[in-house]
Amino acid sequence: MTVPTWVKASAAVVAAAGAGSIATDPSSRWYRALRKPGWQPPAAAFPAVWTPLYALIAVAGTRALNHGDESQRRAFRRAYGINLVLNAAWTALFFRARRPRAALAEIAALNVSNLVLLRRAAEADRLAGAALAPYVAWTLFAAALNAAIVNLNPGADGARK
């Protein structure tokens, strides 16, 4: 029995989202004590944004893996896997390791990975590329937010409270 592409793509996204969700702890004393910029969205915005973004990542993955030639699919599959690992890793670095500076470096790598993924998706299927555009925009915003938190909290890295 062959597993449909949408099941594989969705399972990969659910794994990344689940890992990120488990690592997220916005109610920790450490996180609450951080100074944050006034333009940070309310806490409820994050799951409200991430849920449709993860759905779009799964849709994009399915479409890109169902289109294009074999070399495009292989390149996309590799980029997709790397991207989802980087996606989940940011949360672990920021919330669990309490390393905003390391998380900032990691999200910079994630943003590069997002651009590679977007390009590969668009090469295979234009709608797949379009589906990733909101994800790329949101993680650029998240990087700016991470940078602002680093700047507002110069001694926060690794602090255990």
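Author: Contact here means heavy atoms within 4.5 Å. The model is predicted.

Reader: What lies over the face of Y31, and at what distance from the ring centre?
Author: A charge sits over a ring if NZ of Lys or CZ of Arg is within 6 Å of the ring centre and within 35 degrees of the ring normal. Over the face of Y31 lies K36, and the distance from the ring centre is 4.4 Å.

Reader: Is the pair of W50 and Y135 stacked, tilted or edge-to-face?
Author: The structure holds 12 aromatic pairs. In the pair of W50 and Y135, the ring centres are 6.0 Å apart and the planes stand at 70 degrees. Planes over 60 degrees apart count as edge-to-face, so the pair of W50 and Y135 is edge-to-face.

Reader: How many residues apart in sequence are the parts that the pair of W50 and Y135 ties together?
Author: W50 lies in helix α3, residues 45-66, whereas Y135 lies in helix α6, residues 126-152. Y135 counts as buried, at 1% relative accessibility. The pair therefore ties together parts whose separation in sequence is 85 residues.

Reader: Which element gives the most residues to the largest nonpolar core?
Author: The core has 37 residues, and those touching the most other members are V13, L34, I57, F76, Y80, F94 and L132. Elements giving two or more residues to this core are α1, α2, α3, α4, α5 and α6. With nine residues, the element that gives the most is α6.

Reader: With which side chain does the side chain of D125 make a polar contact?
Author: D125 is placed in the loop between α5 and α6, and D125 is buried at a relative accessible area of 10%. Beyond residues up to four places away in sequence, D125 touches R63 and H67. The polar contact, at 2.6 Å, is with the side chain of R63.

Reader: Is R63 buried, partly exposed or exposed?
Author: R63 lies in helix α3 and touches D125, L127 and A128, not counting residues up to four places away in sequence. Its relative accessible area is 28%. Buried means under 20% and exposed over 50%, so R63 is partly exposed.

Reader: What is the phi of R98 near?
Author: R98 sits in the loop between α4 and α5 and counts as buried, at 12% relative accessibility. Most residues other than glycine have a negative phi. R98 has a positive phi, near 55 degrees.

Reader: What is the radius of gyration of the protein chain?
Author: The protein chain has six helices and zero strands, and its C-alpha trace spans about 50 × 30 × 25 Å along the principal axes. For 161 residues the globule rule gives 15 Å, and the value for the chain is close to that, so the chain is as compact as a globular protein of that length. The radius of gyration is 16 Å.

Definitions and conventions
Residues are numbered from 1 along each chain as its sequence is written. This is a predicted model: local features need pLDDT of at least 70, side-chain atom pairs count only at pLDDT 80 or more; totals for chains, interfaces and linings use all residues. Side-chain values use heavy atoms; hydrogens and water are left out. Rings of Phe, Tyr and Trp (its six-membered ring) pair if their centres lie within 6.5 Å; planes under 30 degrees apart count as stacked, over 60 as edge-to-face and the rest as tilted. Helices (H or I, at least four residues) and strands (E, at least two) are DSSP runs, numbered from the N terminus. Buried means under 20% relative accessible area, exposed over 50%, partly exposed in between (1.4 Å probe, protein chains only). A polar contact is a pair of N or O atoms within 3.5 Å; within protein, one must be able to donate a hydrogen and the other to accept it, and residues adjacent in sequence count only if both atoms are side-chain atoms. A nonpolar core is a set of buried Ala, Val, Leu, Ile, Met, Phe, Trp, Tyr and Cys residues joined through side-chain atoms within 4.5 Å. The radius of gyration is taken over C-alpha atoms; the globule rule is 2.2 Å times the number of residues to the power 0.38.
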